[in-house]
Each structure stands twice: as C-alpha cells, then as structure tokens.
Amino acid sequence: MTKMRALFAGAAVALSLGAVPLAALQPARAAEGIAPPALEWPQAGPFGVFDRPALQRGYQVYKEVCAACHSMRLLSYRNLQDIGFSEDQVKAIAAQDQVAVIDDNGDAATRPGLPSDPFHSPFPNENAARASNGGALPPDLSLMAKARKDGTNYLAALLTGFSEPPADVKMADGKYYNEYFPGHQIGMPPPLTADQVTYEDGTAATVPQMAHDVATFLSWAAEPKLEERKRLGLKVMAFLAVLSVLTYLCYRRVRRRVQGH
Amino acid sequence: MSGSTLPTNNKAIKWFDERLPLLSLLRDSLVIYPAPRNLNYWWSFGSLAGFMLVAQLVTGIMLAMHYTPHVTLAFTSVEHIMRDVNYGWLLRYAHANGASMFFIVVYIHIFRGLYYGSYKAPREVLWWLGVIILLLMMATAFMGYVLPWGQMSYWGATVITNLFSAIPKLGEAIVTLLWGGPSVANPTLNRFYSLHYLLPFVIVGVVILHLWALHTSKSNNPLGIDIKGEQDMIPFHPYYTVKDLFGICVFLMFYAYWVFFNPNGLGEPDNYIEANILVTPQHIVPEWYFLPFYAILRAIPSKLFGVLAMISAIIVLFFLPWLDRSKVRSARFRPVYRQAFWIFAVDCVILGVVGANPPEGHWVLIGRLATLYYFTHFLVIVPVISIFEKTLPLPDSIAKAVLGGPAKH
Ligand code: HEM
C-alpha cells in the first residue's frame with residue numbers, strides 16, 4: 001500500500017511540474033501585437049457609467065474623422081439620444097444625411113435622413129471601400145470595442161500607436177507602422193492629428209484626448225445597454241443576497257428538527 | 001407507475017388523481033421522496049442542473065422569438081436582440097452564460113459522482129443516463145454556438161464537422177449530411193437551429209428517466225453506504241427543498257456576476273465579427289467547456305485516432321462501473337483512490353489549459369502526457385486500485401455516523 005502511495009505522490013509531483021508553465025493561462029499570441037496599456041475608464045467596474053461629454057466628443061470625432069472610411073451599420077441616429085443629445089439635435093444630425101429612396105413615380109430619389117435611419121455608410125459596398133483604401137477594408141466599427149481583446153484599451157492604444165518603423169522593419173506599400181496592430185503593418189493612415197476637430201466644450205483636441213473620446217464612444221456603441229445592465233445587476237445582487245440569507249435561516253430552522261443534518 | 005396515494009379530502013382532486021395519479025407522482029418524487037439524512041452541498045448540484053436546464057429553455061424560447069436563422073441575417077438579428085428588443089441583452093447574456101453555468105454545474109455533479117462512487121451498483125443505469133445527458137448537452141451547446149454566426153461560430157462549426165470526415169468510408173457522406181451541402185452554409189445553420197431547438201427537449205426526456213432511475217435506486221450519500229431504515233432518511237420536502245433553494249440563491253449570484261458584470265468574459269472577441277468565409281481567425285478555440293476534449297483530440301497526430309480518442313474520453317465513463325471493482329463507494333474510505341481522484345481532477349484542468357493554447361512547443365508534450373494520464377486513470381489506475389486498495393472500516397449506518405446513535409425520527 002505504501003508503495004502505491006509513493007507512486008501517487010510521484011505522479012502528483014510530475015503533474016504539478018507539468019503545470020508550472022501553465023501559469024500562462026492566456027493563449028500565447030506572439031503574432032498579435034503587444035498588450036495595450038490599461039487606461040482609466042469611467043464605464044468600468046460594477047458602478048461604471050459612461051462619461052457623457054466624452055461620448056459626445058467621441059461621436060464628433062467619429063463623424064468628422066472616422067466616418068470618412070468606417071461604417072457603423074448597427075447604429076441609428078435615434079440611438080444618439082442615449083448619449084445625451086436632445087430629440088431636436090438628433091433630428092438635425094439625421095437630416096444632414098441624404099437617404100436613397102424610390103419616389104412615387106418609381107424613380108430613384110433622396111430624402112433627408114430621419115432619426116430612425118441607420119448611420120450613413122461611407123462606401124456603397126466592400127469593393128468600393130477597398131478601392132479607396134489601397135486594398136485594405138476599413139471594418140465596421142459598431143462592435144469593434146467587443147471584437148478585440150481588451151477592446152476599449154486596444155482602440156485608444158491603436159489610435160495613438162503610430163510611429164516611424166524601426167530601422168530593421170521593411171514596410172509594405174501603403175502600410176503604416178503601428179505598435180499595437182497585430183503584425184505592426186496597418187493599412188489605415190494615422191487618422192488623428194492634433195486639433196483636427198474643434199470641441200464645442202473647449203476641451204483641447206490632442207491626439208490622446210481624441211483617441212480616448214472616440215474609444216469611449218465606440219465602447220458605448222458596442223455595448224449600449226451597459227449602464228442599464230449594471231444598474232439592474234446591482235439590484236439583482238442585493239435581492240439575491242437577502243434571499244440567500246433568508247433561505248439559509250429557513251434551512252437552519254428546518255434542520256434543527258433533525259439533528260445531524 | 002404507482003396508483004393514487006394522495007392524502008386529500010378534496011373530491012375533485014381525488015377524482016382526477018384516481019384517473020391519472022399525476023399529483024401523486026409529483027408528491028412521491030418531490031415531497032415525500034425519502035433521502036439520506038446526510039447529503040452535503042455537493043448534492044445540491046443535481047437540482048442546480050435541473051434549474052439551469054429550465055433557465056436555458058425559457059431564455060432560449062424567448063430568444064427564438066426574435067432570432068433569424070439565415071446566414072445573411074443571423075448575426076444582425078442577435079445584435080437586434082441586444083439593442084432593440086426589450087431586455088433582449090438580458091435574455092441573450094443569460095442564455096450564452098447560462099450554457100457555461102450549466103456545464104460548470106454538470107461537471108461538478110459528475111465529479112461528485114466520481115468521488116462518492118455514485119456510479120456503482122445499483123446506480124449504473126442512472127450513471128449511464130447522466131453520461132447520455134452530457135453528450136446531448138455537448139451537441140446542443142455546440143450547435144447553439146453556431147447560431148449567432150460570428151467568426152468562431154462559423155470556423156468552429158467548420159473544424160468540428162470536418163472531424164467526421166475522418167471516419168473511413170462513411171465520413172464524407174456524414175459531413176455532407178451535417179452541412180446540408182458542400183460546405184458550412186445556410187442549410188447548416190438551419191438544421192443546427194432546428195436541432196438546437198429539439199435537443200433540449202430530448203434532454204428533458206432523459207432527465208425524467210434519470211430521476212426515475214434515481215428514485216428507484218435512491219440517492220447515494222457522502223458515506224456511500226446503503227440506507228438501512230427509517231432512521232437514515234428524511235423526506236425530500238422540506239429538508240432538501242429548502243437546502244437546494246439556498247444553494248440556488250447562492251449559485252444565482254455567481255451566475256448573475258457573469259451576466260451583469262462580465263457578460264463576455266467567457267466568450268471569444270472573434271465572435272463579435274460576422275462570419276467571413278475568406279478570413280480564418282488566427283486561433284480557432286471552442287468554448288471553455290470543450291477544451292479538455294479538444295486537447296485530447298489534438299494530442300493524437302492522426303485525425304481518425306484523435307477523433308476516436310476524444311469520443312472514447314466520454315465513452316469510457318459508461319464502463320466505469322465495471323472498471324472500478326471496489327465495493328466501497330465513497331472516497332472517504334478509500335485513501336488511495338481519493339488521491340487518484342484529485343490527480344485526475346488536476347489532469348482535467350491541465351487538459352483544459354492545453355486546449356486553450358495553440359498546439360505548439362511544450363503544449364504538445366504536455367497535452368500528450370495529460371491525455372495518456374486521462375485514459376490511464378480509467379483503464380489502469382482505477383481498476384488496479386480497486387483490487388489492491390485496503391479501504392477504511394465503514395460505519396454501521398448513516399444514522400449512527402451522523403448522530404452517534406440511532407435517532408428517533
Ligand atoms: C440544453 C440547453 C441549451 C444549451 C446548453 C444552449 C446553448 C446555447 C449556446 C452556447 C448558444 C450561443 C450563445 C451565444 O454565444 O450567443 C445558444 C444560442 C441560442 N439558443 Fe440555446 N441552448 C439551450 C437551449 C435552447 C433552447 C431550448 C432554445 C429554444 C429554441 C434555444 C435557442 C437559442 C437561440 C435562438 C440562440 C441564438 C441566439 C444567441 O446566439 O444568443 N436554446 N444556445
């Protein structure tokens with residue numbers, strides 16, 4: 001019997017030695033760029049809420065800069081009311097868009113956008129998008145903040161991560177060096193330069209500021225129910241905590257009748 | 001089964017119960033079912049599994065009211081649920097995380113059985129039914145994961161269905177049948193949706209059989225000894241109903257943490273990119289609950305034998321009641337088996353980690369050793385221990401062990 005025990009102790013040691021390199025629970029992803037720095041986000045944590053002015057500034061950056069190349073097909077103008085625009089502001093924003101329709105005579109026509117219309121897409125199709133971007137496809141940004149690991153930090157890092165390539169890196173044609181993009185060669189020209197937009201609230205439009213703002217906006221766009229979800233979550237947790245205590249007391253009470261459990 | 005046993009003075013109820021003893025049946029199985037008096041919290045995971053099955057059914061049926069099973073619309077319809085349907089985000093996150101919760105609960109439930117020897121006579125059929133439920137759950141979850149039609153949905157479906165092509169002769173035909181055409185496409189999505197809707201109800205059926213077998217052979221218990229008489233038992237209600245309710249409340253907090261505060265923590269970011277036939281994701285990883293089996297699949301260099309190994313990893317559980325020849329059930333009285341149990345549990349975790357990592361470098365070796373150990377555990381270690389182990393003396397009865405003497409109850 002003791003022999004058998006020794007055998008098991010041996011097996012246990014061997015297994016746990018095998019487990020040491022397992023500390024790296026996250027799959028190794030060497031080819032996928034560097035981990036982005038962790039920034040402060042007011043929407044993080046169980047009590048997190050979005051910073052409204054940042055959301056509105058972020059929308060401005062999206063609309064004035066990114067929207068030239070990137071669609072956000074899952075959003076409609078009416079959604080902007082959730083980030084603090086008034087109904088009239090939303091109507092005005094939507095009306096700047098021209099939407100293709102078929103008129104009463106069956107001819108192609110346009111009408112001003114309505115709040116119920118989806119965001120304007122810059123290109124009619126994928127081929128047109130690639131043709132204008134040196135063959136690279138600017139992806140839809142609606143879900144971008146959830147479609148990348150640590151998405152919100154990644155977005156802020158990506159937009160501020162452009163630099164001259166190191167001497168030993170040979171850049172392909174039409175590619176730009178970016179520290180955080182997997183493989184470091186991205187087909188998107190650095191989209192942000194200082195003072196590219198003029199913020200109405202007087203915030204200085206530095207590149208990190210705009211990157212932070214637009215990342216906040218994209219984080220909301222990907223998860224518009226975040227605040228509602230956390231608010232409800234806190235109530236649910238509180239309710240369950242009380243219910244757990246009550247059922248536990250019930251359990252103790254009932255069990256007193258049969259000692260031992 | 002049984003006739004009417006309902007103690008009631010209500011004439012209408014009595015009339016009905018004499019013609020169809022449905023209420024008697026429910027009362028027999030949920031109220032007066034005599035359970036061992038010493039069940040610990042690990043026994044709460046059975047009713048938790050039942051709770052999760054119902055939760056998946058309810059959230060799933062409501063999702064189905066808004067979901068569109070077509071390759072051009074599926075992804076957008078899930079986002080429509082997330083954005084426009086009232087509390088759609090809650091339904092969807094509860095269902096997606098619910099699948100993970102269901103597997104956590106069922107895996108613990110299975111390991112409980114392994115530790116306390118619940119698979120041994122007279123519970124072999126009960127154990128088999130459990131393994132069948134596990135297989136059905138895996139099929140259901142796999143097909144459910146395809147429905148949102150993200151990158152992982154599509155590529156996971158492609159990789160896993162392709163495995164069947166390893167089967168000699170019939171392989172290609174089976175794959176075509178699964179796909180409904182020459183590749184994973186709209187017909188695949190449609191049949192997976194149909195089966196994803198169907199299989200949970202098959203699970204409900206097997207769960208009923210599982211409970212029937214349970215109530216025939218009665219619950220095992222932490223001591224692993226048989227119930228010897230009245231003094232060893234307490235009725236299910238209120239003693240275990242209230243305990244299980246408490247367990248469900250605590251478990252719901254764990255579940256709620258994921259749903260409300262970390263809803264994508266168990267998922268892959270790639271599944272928020274719509275399926276694209278032209279772009280293969282860098283790493284195709286299945287959901288966490290499949291990772292140990294995925295590791296076993298990849299540990300074997302041949303596709304056919306990899307598939308066979310993966311399937312055998314579950315099939316071997318069917319034979320466990322005969323591989324383990326020890327008459328003593330509970331690991332409490334089996335000092336050597338107890339250690340083997342924990343090493344096996346660690347081995348499963350290692351397999352899970354291997355499955356999450358690309359099959360390169362040292363992961364290949366670790367994966368192979370852990371796979372080898374997985375089968376060695378069942379086919380060599382457990383049988384050998386069960387023959388040579390010197391078990392500890394068993395208590396005379398449950399009542400004696402927990403009360404120190406025969407109780408009055
Ligand atoms: C055994 C119980 C079940 C399990 C384990 C299960 C598992 C899953 C999983 C893993 C997904 C993918 C979730 C995601 O990543 O979005 C899913 C999606 C889905 N399931 Fe189920 N499911 C179950 C029962 C049901 C039932 C009974 C229905 C009723 C029709 C259903 C309807 C759906 C629908 C419509 C989707 C697509 C929506 C979505 O992806 O969120 N499920 N299921």
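Reader: How many residue pairs are in polar contact between chain B and chain A?

Author: Nine residue pairs are in polar contact between chain B and chain A, both residues of each pair being at pLDDT 80 or more. Please keep in mind that this is a predicted model.

Reader: What area is buried between chain B and chain A?

Author: About 5,100 Å² is buried between chain B and chain A, and carbon and sulfur atoms give 68% of that area. As background, the size of an interface is often stated as the accessible area that is lost when the parts come together.

Reader: How many salt bridges cross the interface of chain B and chain A?

Author: Two salt bridges are found across the interface of chain B and chain A. In a salt bridge with an N to O distance of 3.4 Å, the side chain of B:D84 meets that of A:R78.

Reader: What about salt bridges in the whole structure, how many are there?

Author: The search over all chains finds 16 salt bridges. One pair is A:D201 with A:R57, whose closest N and O atoms are 2.9 Å apart. This pair links distant parts of chain A, 144 residues apart: A:D201 is in the loop between β4 (185-186) and α7 (207-222), and A:R57 is in helix α2 (residues 52-64).

Reader: Why does A:R57 count as buried?

Author: A:R57 counts as buried because its relative accessibility is 11%, and buried means under 20%.

Reader: Which residue forms a salt bridge with A:K146?

Author: The partner of A:K146 is A:E223, with closest N and O atoms 2.6 Å apart. A:K146 lies in helix α5 (residues 144-147) of chain A and A:E223 in the loop between α7 and α8 (226-255) of chain A, so this pair ties together parts 77 residues apart in sequence. A:K146 counts as buried at 11% relative accessibility, and A:E223 counts as buried at 8%.

Reader: Which residues of chain B are linked in a network of salt bridges?

Author: The network links B:K120, B:D324, B:R334 and B:E389. There is also a salt bridge between the side chains of B:D396 and B:K400, at 3.4 Å from N to O.

Reader: New topic: which protein donors does the iron atom of the ligand have?

Author: The protein donors are B:H95 and B:H196, each through its NE2 atom, and they lie 1.9 to 2.0 Å from the iron atom. B:H95 is in helix α5 (residues 88-116) of chain B and B:H196 is in helix α9 (residues 186-217) of chain B, so the pair links distant parts of the chain, 101 residues apart.

Reader: Are B:H95 and B:H196 buried or exposed?

Author: Both B:H95 and B:H196 are buried.

Reader: Why is the arrangement around the iron atom called octahedral?

Author: The arrangement is octahedral because the six donor atoms around the iron atom subtend angles of 88 to 179°.

Reader: Lastly, how many helices and strands are in chain A?

Author: Chain A has eight helices and four strands. Buried residues make up 39% of its 261 residues.

Methods:
Residues are numbered from 1 along each chain as its sequence is written. Chains are lettered from A and ligands numbered from 1 in the order in which they are written. This is a predicted model: local features need pLDDT of at least 70, side-chain atom pairs count only at pLDDT 80 or more; totals for chains, interfaces and linings use all residues. Side-chain values use heavy atoms; hydrogens and water are left out. Donors are N, O and S atoms within 2.8 Å of the metal (3.2 Å for Na, K and Ca); water is not among the atoms, so sites may look incomplete. Four donors count as tetrahedral if all angles lie between 85 and 135 degrees; four count as square planar and six as octahedral if opposite donors are over 155 degrees apart and all others between 65 and 115; anything else is irregular. Helices (H or I, at least four residues) and strands (E, at least two) are DSSP runs, numbered from the N terminus. Buried means under 20% relative accessible area, exposed over 50%, partly exposed in between (1.4 Å probe, protein chains only). Buried area is the accessible area (1.4 Å probe) that two parts lose on being put together, summed over both. A salt bridge is a side-chain nitrogen of Lys or Arg within 4 Å of a carboxyl oxygen of Asp or Glu. A polar contact is a pair of N or O atoms within 3.5 Å; within protein, one must be able to donate a hydrogen and the other to accept it, and residues adjacent in sequence count only if both atoms are side-chain atoms.
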